[in-house]
Amino acid sequence: MKLALGPLLYAWPRRAVFDFYERIAAAPVNIVYLGEVVCSRRRELRREDWLDLAAALVSAGKEVVLSTLALMETDADLRALEKIAGNGRYSIEANDMGAVSALSGRSLPFVAGPHLNVYNRATLGLLARLGARRWVAPIELPGATLATILSGQEANVETEIFVLGRMPLAFSARCFTARRLGLEKDNCGDACGNYPDGLALATRDGADFLVLNGIQTQSHAVCNLVTEIPAMRALGVTVARVSPQASGCIEALGLVRDALDEGLAAREAASRINALLPGAPCDGFWHGRPGMARAAS
């Protein structure tokens, strides 16, 4: 199985982003997703910066995929999508059906991202006919449903699973980080840049609950499906995705790589990774339970 690093979901300073991907160039990762997925108002990096990072990572032997917004709101967002889609060199991760429409029929195949609603074999087959060469299963898809989708599925479409990271649960046209801080969305002052792993929320009883990340709402608990890697391999999953986090990411990638290569038992790798996470581990969705639940011991 291949190891992928998903797109950076947080608003890090420009220098921190470049430093991070310089380390990723030497990390045991096969595929790197680059680009802004959450908010078009984040302008620390421009399209040219992402392309510079892409070129450096390709030189280091990585496959690069350019990710697109999960929620497109303006004509400017559509124009930016067209520019990314027409880059002519790198595959694109489509996180919105508008992006699928823009990418279908082009010479480069695309990746169907985790924010598309792919819950059955017919939908996956449609995306394959439109040009998808790989799909990332939605985070809430149970393993049993995935098995049904993959049984008899066309072999030319790779399957990628989100195995590690805070789970993106929802997107909204409203910026909840700005609202939490008493700011307007259009004059937020890049407030989410102050929270490198998102702004944590607790219930009135003080229990960890959710994380605000601009217009994106995430789980506070961190999805850790590394224990399930052997089962995923048996189903025909070809790529495991790790989502970037502010600290411990390089170490976590190394442990996932060891589990994929069977140099370390998946359960042992998952246990070691838990100590690196910014929140409690969870795996509920995979087992058909609430996402915040933890089924694996």
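Axes here are lines fitted to C-alpha atoms, for helices over the stretch in contact, and the angles between N-to-C directions run from 0 to 180 degrees. Helices (H or I, at least four residues) and strands (E, at least two) are DSSP runs numbered from the N terminus. This is a predicted model, in which local features need pLDDT of at least 70 and side-chain atom pairs count only at pLDDT 80 or more, while totals for chains, interfaces and linings use all residues. Residues are numbered from 1 along each chain as its sequence is written, and side-chain values use heavy atoms, with hydrogens and water left out.

**Helix pairs**

Two packed helices are described by the angle between their axes and the distance between the axes. Helix 1 (residues 14–24) and helix 2 (residues 47–59) have axes that come within 10 Å and cross at roughly 15°. The two are therefore roughly parallel to each other, a label for angles under 35 degrees; over 145 counts as roughly antiparallel, 65 to 115 as roughly perpendicular and the rest as oblique. Helix 1 passes helix 2 in a right-handed crossing, that is, the near helix is turned clockwise from the far one by less than a right angle. On the helix 1 side the contact (heavy atoms within 4.5 Å) is made by Arg14, Val17, Phe18, Tyr21 and Ile24, and on the helix 2 side by Asp49, Trp50, Leu53 and Leu57. By class, this contact has 7 nonpolar, no polar and 2 charged residues. Ala, Val, Leu, Ile, Met, Phe, Trp, Tyr, Cys and Pro count as nonpolar, Asp, Glu, Lys and Arg as charged, and the others, Gly among them, as polar.

Helix 9 (residues 249–260) packs with helix 10 (residues 266–274) at an angle of about 170°, the axes being 9 Å apart. Helix 9 and helix 10 are therefore roughly antiparallel. Ala252, Leu255, Val256 and Ala259 of helix 9 meet Ala266, Ala269, Arg272 and Ile273 of helix 10. The classes in this contact are 7 nonpolar, no polar and 1 charged.

Alanine 266, in helix 10, is also in contact with Val226, Thr227 and Pro230, among others, when neighbours within four places in sequence are left aside. Glutamate 262 sits in the loop between helix 9 and helix 10. Its phi is near 60°, a positive value in a residue other than glycine. Most residues other than glycine have a negative phi.

**Accessibility**

Buried means under 20% relative accessible area, exposed over 50%, and partly exposed in between (1.4 Å probe, protein chains only).

| Residue | Relative accessible area | Class |
|---|---|---|
| Leucine 69 | 11% | buried |
| Cysteine 175 | 12% | buried |
| Cysteine 188 | 17% | buried |
| Glutamate 262 | 62% | exposed |
| Alanine 266 | 11% | buried |

Leucine 69 lies in the loop between strand 3 (63–67) and helix 3 (75–85). Not counting residues up to four places away in sequence, leucine 69 touches Glu36, Val37, Val38, Cys39, Ser40, Asp77, Asn95 and Asp96. Its C-alpha atom is separated by 8.3 Å from that of leucine 81, 12 residues apart along the chain.

**Cysteines**

The structure holds 0 disulfides, a disulfide being a pair of cysteine sulfur atoms within 2.5 Å. Cysteine 175 is in no disulfide, and its nearest cysteine sulfur belongs to cysteine 188, 5.9 Å away. For cysteine 188, the closest cysteine sulfur is that of cysteine 175, and the 5.9 Å between them is too far for a bond.
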